[in-house]
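Student: I have a structure open and want to learn how to read it. Where do we start?

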Amino acid sequence: MAEVIRISDSAEPAASTSALPQNVEAEAALLGALMIDNRLVEDVQLRLKAHHFFEPLHGRIYDSILKLTDRNMVANPVTLRPNFEADESMKELGGPAYLATLTGSGAAIIGAKDFAAQVYDLALLRALIGVGRDLVEGALDTSEDVAPLEQIERAETELYKVAEEGGAEGKAKSFGDATKLAVQMAEKALNSGGHLSGITTGLEGINSKVGGLHKSDLVILAGRPGMGKTSLATNIAFAAAQRFARDVEDGIEPAKSAGAPVAFFSLEMSADQLATRILAEESGISSENLRMGKISQQEFRQLARAAAELESLPLYIDDTPGLTIAALRTRARRLKRQKGIGCVVVDYLQLLQGTGRSGNDNRVQEISEISRGLKQLAKELEVPVLALSQLSRAVEQREDKRPQLSDLRESGSIEQDADMVWFVYRGDYYLAAKKPDDDHPDFAAWHEEMNRIYGRADLIVAKQRHGATGTVRMKFDSRITKFSDAVDDAYLPEMRS
């Protein structure tokens, strides 16, 4: 084979390029093999991309080969020639005749896969060097505001991208492999009593309706202010973490547990506020009384006992405000690696920021990026992501206050990316706002209706990829912000959706 000239040496000083891992001869041999036998393209194209080539010209040649074969055309020096007639780098090598030079060694066909693997591996090493160089330069540059934690998060994100690319095989699962996963899920549901194939929500009604929280699912929990979104999310997070701790204590393998360690990203409430809610729920003491110190010695002992029991709970709260979707994903990956989390809760979606500049004009686009990022996170970590969302004020303008999918803010992207959409609805919240004066003729009817629905809540399953939609009845104790299963027999016939 004729000598291959290193084109990129002209773009950078020799000292900087010579230090980078590279094998231009392997790149040339691979391109020659692909032009001799186009069938080899199928073996390498899923993993190897044009930017993996050290020589920019080689990357352009590879890209042209892929485009021709994608159109079922033959890719050889003759058919590729028109694409490189005006290529300046090609002219330096004597013009398109360089393409024929690359096919000079037919023996390269035998080692084509090995050449492709080496080109790919060397590209990953160069990417790793780039991350390290940027990290060093950023750490040395003190001309702007020093933000070391942001630099660490950025470096961790870039490192993960390199690692993610290195593990991406683009490999399809056989039907047999997929069947094994489906049988394992069915076995888990059977062992749990016949309805729970995912992570428990702590509420039998919800578990029966949706089968729990499933791996790789994005679940949107939405509602108007005052409906109890955060309370329900906290209840679910606590139940999943508590079930996991109990299962581990009972000797059940973590993989077979119906619970999971939970990462709770609270962008609205502080960690101590969330902890207060959980303590109120477990001790049975009003969260308001807890905050104001209106508790007896006996109640304080109950509180201390509940706090001791919850001390080792695998529930991790991150209350950093103003997180970007990129930073949240970085922190979730870190918790997955360090703590083995199996569920992520985000309160709430609209408080996250996109990676671009924020502004009213592109808010819909930013929400699309956030919802898409949360779905990608669920698939990437293979955990359910429960994201809370606000509803638009359109609900308040209707006579029927029960929410609909169209009420989701920037609903297009959120509804599309979600595997399940849940709405929390409490009729007593709206009825309380309509309370007439005590001496009003309608007061007796209002009072009777309030007694009937007080403390009752609906979880409306408006979208579900895994099954039917419908409504789950629950009870809500606003004193300790706790949801529980509805057990009022007189109310059960109305459970049908």
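Tutor: Start with one word. Buried means under 20% relative accessible area, exposed means over 50%, and partly exposed lies in between, with a 1.4 Å probe and protein chains only. Helices (H or I, at least four residues) and strands (E, at least two) are DSSP runs, numbered from the N terminus. This is a predicted model: local features need pLDDT of at least 70, side-chain atom pairs count only at pLDDT 80 or more, and totals for chains, interfaces and linings use all residues. Residues are numbered from 1 along each chain as its sequence is written, and side-chain values use heavy atoms, with hydrogens and water left out.

Student: Which residue caps the N-terminal end of helix 2?

Tutor: Asn23 does; a side-chain oxygen of Asn23 lies 3.3 Å from the backbone nitrogen of Glu25. A polar contact is a pair of N or O atoms within 3.5 Å; within protein, one must be able to donate a hydrogen and the other to accept it, and residues adjacent in sequence count only if both atoms are side-chain atoms. A polar side-chain atom of Asp87 lies 3.0 Å from the backbone nitrogen of Ser89. Asp87 is buried, with a relative accessible area of 12%.

Student: What is the order of the strands in the open sheet?

Tutor: Strands of a sheet pair through backbone hydrogen bonds, either parallel or antiparallel. Two strands pair if DSSP finds at least two bridges between them. Here 9 strands form an open sheet in the order 3-2-4-5-1-6-7-8-9, with mixed pairing. Strand 3 (315-318) and strand 9 (482-485) are the edges, each pairing on one side only.

Student: How does strand 6 pair with strand 1 and with strand 7?

Tutor: Strand 1 (residues 218-222) joins strand 6 in the parallel sense over 4 bridges. There, Ile220 stands opposite Val421. Strand 7 (residues 456-464) runs antiparallel to strand 6, with 6 bridges. On that side, Phe423 stands opposite Ile460, and Met420 faces Gln464.

Student: Are the faces of strand 6 covered or open?

Tutor: In a regular strand the side chains alternate between the two faces of the sheet. Both faces of strand 6 are covered: Met420, Trp422 and Val424 are buried on one side, and Val421, Phe423 and Tyr425 on the other.

Student: Which residues have the most contacts inside the largest nonpolar core?

Tutor: In soluble globular proteins, nonpolar side chains tend to be buried together. A nonpolar core is a set of buried Ala, Val, Leu, Ile, Met, Phe, Trp, Tyr and Cys residues joined through side-chain atoms within 4.5 Å. The largest has 75 residues, and Ile220, Leu374, Trp422 and Leu459 have the most contacts inside it. A second, separate core of 33 residues includes Met35, Leu48, Tyr62 and Phe84.
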